[in-house]
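Let's walk through this one together, a question at a time. Have the sequence and the fold open beside you.

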Amino acid sequence: METFVYLLFMVAVGALIGGVTNLIAIVMLFRPYEPMYVFGKRLPFTPGLIPKRRQELAEQLGKTVVEHLVTPEGLRRKLTDPAFTAKMAEWGREWLRKWLARKETPAELLERLGIRSPAERLEAMAAEQAERAYERWSETWRLRPIRDVLPAELKQTMEARVESLAGYLADRTLDYFRSEEGKQQISSMIERFFQERGMVGNMLQMLLGNVHFVDKVQAELGKFLRHAGTREVLSRLLWTEWNKWLDYPLATVEEMIGRQRIDEAMRSAVRRLVQSGGWLHRPLDELIAPYEQPLFDRLIPQAAEAVSRLLSCKIEAIVAQLGLEDIVRDQVESFSLRRLEAIILSIARRELKMITYLGALLGGLIGAVQGVIGLWL
């Protein structure tokens with residue numbers, strides 16, 4: 001019985017020593033927080049290991065996070081994960097629904113963004129952009145012939161109508177000279193013709209009779225304009241002028257119209273576009289309603305995928321720009337020692353307890369061996 005009590009005592013003492021030793025070692029990882037002095041001399045192992053190596057711990061944690069935990073490769077895999085992309089699309093849909101539910105108009109939105117008098121500002125900005133676009137376009141095409149600028153469909157349409165245009169002009173001219181106004185014009189031309197010939201012209205006018213002569217001239221003009229040859233000549237003239245016009249540089253048309261009139265036309269078109277339908281003062285949900293289904297079903301998922309691809313392509317630069325290592329280091333350095341201790345213990349509390357228990361177990365085994373050796377000796 002005495003032997004058993006002796007061995008039990010040795011085991012208990014060894015377990016106590018081993019467990020307490022390991023517990024003290026674990027506590028000394030964190031405590032004391034500040035160095036301790038006796039008679040002006042700093043006690044060894046003060047402060048604790050973690051308080052003493054706090055800066056190094058912060059730097060190593062920062063490097064560990066960047067190099068092994070939050071790596072560009074891991075972030076890229078997450079960004080390109082279909083489940084994450086689908087979640088991004090759902091976030092976009094939720095945000096858009098909440099935004100549209102506010103019944104805000106484009107004018108109110110622009111004013112909230114700091115743009116006063118949005119209609120006038122939009123007109124001015126759109127007109128400025130249109131003028132810049134026209135200037136860039138004209139710099140490229142101003143010296144090119146019109147045939148290079150004219151759309152092929154429009155060119156074919158115009159050329160198809162040249163023949164009919166000749167007949168149309170002849171018919172309209174014939175109708176004019178058949179009218180009373182045309183007859184008076186012919187009479188005035190004949191009178192002026194005779195008057196310019198002096199006395200001989202007056203004598204011829206008296207002999208021929210102006211009224212009767214006007215009727216004859218009118219009839220002959222009608223025959224001339226109805227004749228197929230006349231229309232053929234007119235058609236050839238139109239074709240000739242059309243081809244000449246196509247060879248003119250675009251600057252010729254700009255000069256004919258005038259740059260000021262072109263600018264005024266662009267401003268007028270922009271003003272009509274901005275004011276059309278009163279869209280600036282209609283709720284955004286009403287404006288988007290016709291396009292809501294494609295917007296939610298197709299455009300938002302496509303936008304989410306595009307954003308994911310863009311971020312994944314630039315992830316190295318983003319991580320470098322964010323400076324995650326510096327963020328983690330600064331954050332750890334800003335923690336109080338109590339909070340840092342609580343964080344580490346919350347992660348490794350179970351393992352630290354097991355170390356204490358292991359120390360007690362080993363101490364107990366050593367105590368048992370010592371007891372056996374003591375009995376044997």
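Q: Is R267 buried, partly exposed or exposed, and what is its relative accessible area?
A: A word on ground rules: this is a predicted model, where local features need pLDDT of at least 70, side-chain atom pairs count only at pLDDT 80 or more, and totals for chains, interfaces and linings use all residues. Residues are numbered from 1 along each chain as its sequence is written, and side-chain values use heavy atoms, with hydrogens and water left out. Buried means under 20% relative accessible area, exposed means over 50%, and partly exposed is what lies in between (1.4 Å probe, protein chains only). By that scale R267 is partly exposed, with a relative accessible area of 36%.

Q: Which residue forms a salt bridge with R267?
A: Side chains of opposite charge can pair when their charged atoms come close. Here a salt bridge is a side-chain nitrogen of Lys or Arg within 4 Å of a carboxyl oxygen of Asp or Glu. R267 meets such a partner at 3.1 Å, N to O, and that partner is E131.

Q: How many residues apart in sequence are the parts that E131 and R267 tie together?
A: Helices here are DSSP runs of H or I with at least four residues, numbered from the N terminus. E131, partly exposed at 22% relative accessibility, lies in helix α7, and R267 lies in helix α16 (residues 259–275). The pair therefore ties together parts whose separation in sequence is 136 residues.

Q: What separates R132 and E128 along their helix?
A: Their side chains meet in a salt bridge, at 2.5 Å from N to O. R132 is partly exposed with a relative accessible area of 42%, and E128 is partly exposed at 37%. Because they sit four residues apart in helix α7 (residues 118–141), the separation is about one helical turn.

Q: How far apart are the closest N and O atoms in the salt bridge of D148 and R144?
A: Both partners are partly exposed: D148 has 37% relative accessibility, and R144 has 35%. For D148 and R144, the closest N and O atoms are separated by 3.6 Å.

Q: Which residues does L100 touch, not counting residues up to four places away in sequence?
A: Contact means heavy atoms within 4.5 Å. L100 is one of the core members that touch the most others. With residues up to four places away set aside, L100 touches L284, D285 and I288.

Q: How far is I300 from S346 in space, C-alpha to C-alpha?
A: I300 lies in helix α18 and is buried, at 12% relative accessible area. Beyond four places in sequence, I300 is in contact with A89, G92, R93, L96 and L295. S346 is 46 residues from I300 in sequence, and the C-alpha to C-alpha distance is 41 Å.

Q: Is T85 buried or exposed?
A: T85 sits in helix α5 (residues 82–100). Leaving aside neighbours within four places in sequence, T85 is in contact with L79, T80, A304, E305 and S308. With a relative accessible area of 10%, T85 counts as buried.

Q: Which residues does S235 touch beyond four places in sequence?
A: S235 is found in helix α14 (residues 228–247). S235 is buried, with a relative accessible area of 7%. The residues touched by S235 are V162, E163 and A166.

Q: What distance separates the centres of domain 1 and domain 2?
A: Domain bounds here come from an automatic or database domain assignment. That assignment gives domain 1 (1–24), domain 2 (30–70) and domain 3 (133–282). Taken over C-alpha atoms, the centres of domain 1 and domain 2 are separated by 33 Å.

How values were computed: Helices (H or I, at least four residues) and strands (E, at least two) are DSSP runs, numbered from the N terminus. A nonpolar core is a set of buried Ala, Val, Leu, Ile, Met, Phe, Trp, Tyr and Cys residues joined through side-chain atoms within 4.5 Å.
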